[in-house]
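Hi,

Here is the structure I promised to pass on. Have a look at it first, and then read my notes below.

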Amino acid sequence: MDAHHDAFMRTTLTLEPDVEQLLRREMRRTDSSMKAVVNDALRLGLGARGKPPRSPRYKVEPHAFGLKPGFDRDRLNQLLDETEVEEIAGRYGR
């Protein structure tokens, strides 16, 4: 970012009566300064607020499980199913 973007901009705004009333009401409601309310309203109105920040890309990192040679990884689900069946049967005395 260059120095131009880091500086604040001062300006004079002429508000219509209904906008002034809304501004003052919001200042009271939020106990905020005019500057804060105007900046928030402009951000909201210009679409800079309410958009979720972009999440960083999810990176999958593989992990070596260190399974012993000869261990059949494809049968892990079958083993889990059999273990659950035995556990349920044990609960019901079968």
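**What I found**

The chain has an accessible surface of about 10000 Å², and 54% of that belongs to carbon and sulfur atoms. Accessible areas here come from the Shrake-Rupley method with a 1.4 Å probe, and for residues only the protein chains shown count as cover.

Before the details, a word on the basis. This is a predicted model, so local features need pLDDT of at least 70 and side-chain atom pairs count only at pLDDT 80 or more, while totals for chains, interfaces and linings use all residues. Residues are numbered from 1 along each chain as its sequence is written, and side-chain values use heavy atoms, with hydrogens and water left out.

**Overall layout**

The secondary structure comes to 4 helices and 0 strands, which reads along the sequence as α-α-α-α. Helices (H or I, at least four residues) and strands (E, at least two) are DSSP runs, numbered from the N terminus. Of the 94 residues in the chain, 2% count as buried. Buried means under 20% relative accessible area, exposed means over 50%, and partly exposed is in between (1.4 Å probe, protein chains only).

**Helix 2 and what follows**

Helix 2 has 14 residues and reaches 20 Å from its first C-alpha to its last, close to the 20 Å expected at 1.5 Å a residue. That expected span is 1.5 Å times one less than the number of residues in the helix.

How many salt bridges does a search of the whole structure find? The search finds 3. A salt bridge is a side-chain nitrogen of Lys or Arg within 4 Å of a carboxyl oxygen of Asp or Glu. As background, side chains of opposite charge can pair when their charged atoms come close.

One of the bridges joins R24 to E20, with the closest N and O atoms 3.0 Å apart. These two sit 4 residues apart in helix 2 (residues 17–30), so about one helical turn separates them. An α-helix has 3.6 residues a turn, so residues three or four places apart point the same way. R24 is partly exposed at a relative accessible area of 39%, and E20 is partly exposed at 34%.

Another bridge links the side chains of R29 and E26, at 2.7 Å from N to O. Both residues lie in helix 2, 3 residues apart, about one turn of the helix. R29 is exposed, with a relative accessible area of 62%, whereas E26 is partly exposed at 28%.

Just after helix 2 comes D31, which takes a positive phi of about 55 degrees. Worth a look: D31 has this positive value although it is a residue other than glycine. Most residues other than glycine have a negative phi. D31 is in the loop between helix 2 and helix 3 and is exposed, with a relative accessible area of 72%.

**Helix 3**

The 12 residues of helix 3 (residues 34–45) should span 16 Å at 1.5 Å a residue, and the end C-alpha atoms are 16 Å apart, which agrees. D40 counts as partly exposed at 30% relative accessibility, as does R43 at 41%. Just after helix 3, G47 takes a positive phi of about 80 degrees.

**Two surface patches**

F65, L67, F71, L76 and L79 form a nonpolar patch on the surface, with about 510 Å² of accessible area together. Patches are made of residues with over 30% relative accessible area and no salt bridge: like charges are joined within 9 Å, and nonpolar side chains (Val, Leu, Ile, Met, Phe, Trp, Tyr) within 5 Å. F71 is found in the loop between helix 3 and helix 4 and counts as partly exposed at 42% relative accessibility.

The other patch carries negative charge: D81, E82, E84 and E86 gather there on the surface. Lys and Arg count as positive and Asp and Glu as negative, while His and the chain ends are not counted. The place of a charge is taken as NZ of Lys, CZ of Arg, CG of Asp or CD of Glu. D81 is in helix 4 (residues 76–91) and is partly exposed, with a relative accessible area of 45%.

**Helix 4**

Helix 4 has 16 residues and reaches 23 Å from its first C-alpha to its last, close to the 22 Å expected at 1.5 Å a residue. Just after helix 4, G93 takes a positive phi of about 65 degrees.

Best wishes
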